[in-house]
Amino acid sequence: MATRRFVMILAGAVLLSVILLIPNMDPRKPASSGGSSHDANTGPVANELDEEPTESIVVTVSMSPDQFAFLEEANERFRFKYPNIEVELLNIESKEEAYAAWKQDLMLGASSDIMLMDSGWVREFAVMGLLEPVDSVNAANTLSDQPAKLLAPLRWNSYLWGIPFDADPSILVWNKAMLAEQNLSDPPKDWTSFLQLADRLSASGNEGALLYLPGDFSGTAAWLDAWSSGDQRGAAALILNEESANRLEKTASLTIPSMAVNKRLLGTEMDNQRLLASVVSWSEYKGLSQSEQDKLLIDKLKLRNLWLGSRSFVVSANTDRAEAAFSWIKEMTSVTEQERNYERLGKLPAKNSIYEIGGYSGSTAQYPPTWWLPLLNEEPVGEPPAPNWHKEWRRWEASWQLYTSGAADIAGFIQSVTASSSSKQ
């Protein structure tokens, strides 16, 4: 009997050993594939169970193909740093088509998570309740590094609704050689001085046009704004008063058609055409060779409304991936990416620190001139554009195109814009 009990105990021990050697006896658990070499008792392999879930965001911009290609390069750097965030980049080249698409999609609740839009539109979209405020991600130290003039159009109802990305303001440049002929080292300081200079040049044999303005209305707006007094300055008051209307009529008589000038050789062309002044964007000026830039004098005293033409990132109020969206924006607006953008595309960065770095480095190709810094932050900052600003601006541009195409004269342009704007007041 004892022998039999010993045999049963021995058999039970052997069976228990076999069971312990066979993994996954629980039928509710899947069997091992046999491909893993790690010990089950040591816990899961890194990234096997603890890997962060992947989030997907959609970003829509409106820019030229070469700018978009550069943004794609920046996005690849982001993907390397944030492998758990997938970003789909979309580009609507036409600015007006982008505006219409964004408004429609946002109202339907089916928009992209992030949009890069004209800063002048942001307040309109915010008033309609279509955007997510960005104050929570724009800490005090971040705000201090963003130019005040670029933040101004993004504020409404005590909140900030966008994060500045870049700016490309129009600048007024003068022909150094023609100023020197009149014994001038600086541009005329006011409108009366300009008219006197124009009269002297005409009397000395300079007949015809003295001024080049680009075909779009923004250049003309910058020209008129440069001569306006402080209380009559700004996009909404450009041609709605008699003083500006008179200046515009005089400007029309002195202006050369935009198609007559090659912007890439602007300094030489101004000499050949005997042009006294011109309005160009900052990125166009930066794109000129040094020899061409040396022929021009930038009028730093007449740089106004620097937010015109600037762009900002906004986030849809409907997004459920705000954290991922703000992580992407933070990278795209970082000092490193802003430096790359300026060197490649020439648009002014939206980081004060980059201008300060440039003051020490002396590299004009990589950093913007330090004299931009006080202009981008000077007081008064000014009021943001009204929510209907884009509608008014489109009307002005359409009327201006009729004038530049020869379908209307300058008096007709002034009358149509003044009448249409007055009817809305």
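Visitor: Why does glutamate 392 count as buried?

Guide: Buried means under 20% relative accessible area, exposed means over 50%, and partly exposed lies in between (1.4 Å probe, protein chains only). Glutamate 392 comes to 10%, so the label is buried.

Visitor: What kind of model is this, and how are its residues numbered?

Guide: This is a predicted model, where local features need pLDDT of at least 70, side-chain atom pairs count only at pLDDT 80 or more, and totals for chains, interfaces and linings use all residues. Residues are numbered from 1 along each chain as its sequence is written, and side-chain values use heavy atoms, with hydrogens and water left out.

Visitor: What makes glutamate 392 and arginine 395 a salt bridge?

Guide: A salt bridge needs a side-chain nitrogen of Lys or Arg within 4 Å of a carboxyl oxygen of Asp or Glu. Here the N to O distance is 2.1 Å, so the pair qualifies. Arginine 395 is partly exposed at 22% relative accessibility.

Visitor: Which residue forms a salt bridge with arginine 79?

Guide: Glutamate 76 does, with the closest N and O atoms 3.1 Å apart.

Visitor: What makes arginine 77 and glutamate 337 a link between distant parts of the chain?

Guide: Their side chains meet in a salt bridge at 2.8 Å, N to O. Arginine 77 is in helix α2, while glutamate 337 is in helix α15 (residues 335-345), 260 residues apart. Arginine 77 is partly exposed at 29%. Glutamate 337 is buried at 7%. Arg77, Glu337 and Arg340 are linked in a network of salt bridges. The structure holds 15 salt bridges.

Visitor: Why is lysine 103 called buried?

Guide: Its relative accessible area is 19%, which is under the 20% limit, so buried applies. Lysine 103 lies in helix α3 (residues 95-108).

Visitor: What makes the pairing of lysine 103 with glutamate 124 a polar contact?

Guide: A polar contact is a pair of N or O atoms within 3.5 Å; within protein, one must be able to donate a hydrogen and the other to accept it, and residues adjacent in sequence count only if both atoms are side-chain atoms. The two side chains make theirs at 2.4 Å. Contact in general means heavy atoms within 4.5 Å. Not counting residues up to four places away in sequence, lysine 103 touches Glu124, Phe125 and Met128.

Visitor: How do you know that strand β3 is largely enclosed?

Guide: 5 of the 5 residues of β3 (residues 114-118) are buried, so the rest of the structure largely encloses the strand.

Visitor: Which strands pair with β3?

Guide: Two strands pair if DSSP finds at least two bridges between them. Strand β1 (residues 55-61) pairs with β3 in the parallel sense over 2 bridges. Strand β12 (residues 311-315) pairs with β3 in the antiparallel sense over 5 bridges. Methionine 115 is the bridge partner of threonine 60, and methionine 115 also stands opposite valine 314 in β12.

Visitor: What makes β9 and β11 edge strands?

Guide: Five strands form an open, mixed sheet in the order β9-β8-β10-β7-β11. β9 (255-256) and β11 (296-298) each pair on one side only. Strand β8 (residues 211-212) pairs with β9 in the parallel sense over 2 bridges.

Visitor: What makes a set of residues a nonpolar core?

Guide: The members are buried Ala, Val, Leu, Ile, Met, Phe, Trp, Tyr and Cys residues joined through side-chain atoms within 4.5 Å. The largest has 76 residues, and Phe125, Trp223, Leu276 and Trp328 have the most contacts inside it. Apart from it lies another core, of 26 residues, including Tyr342. Leaving aside neighbours within four places in sequence, the contacts of tryptophan 328 include Ile57, Phe78, Ile114 and Phe313.

Visitor: How many helices, strands and residues does the chain have?

Guide: There are 19 helices and 13 strands. Of the 425 residues, 44% are buried.

Notes
Helix = DSSP H or I, 4+ residues; strand = E, 2+ residues; numbered from the N terminus.
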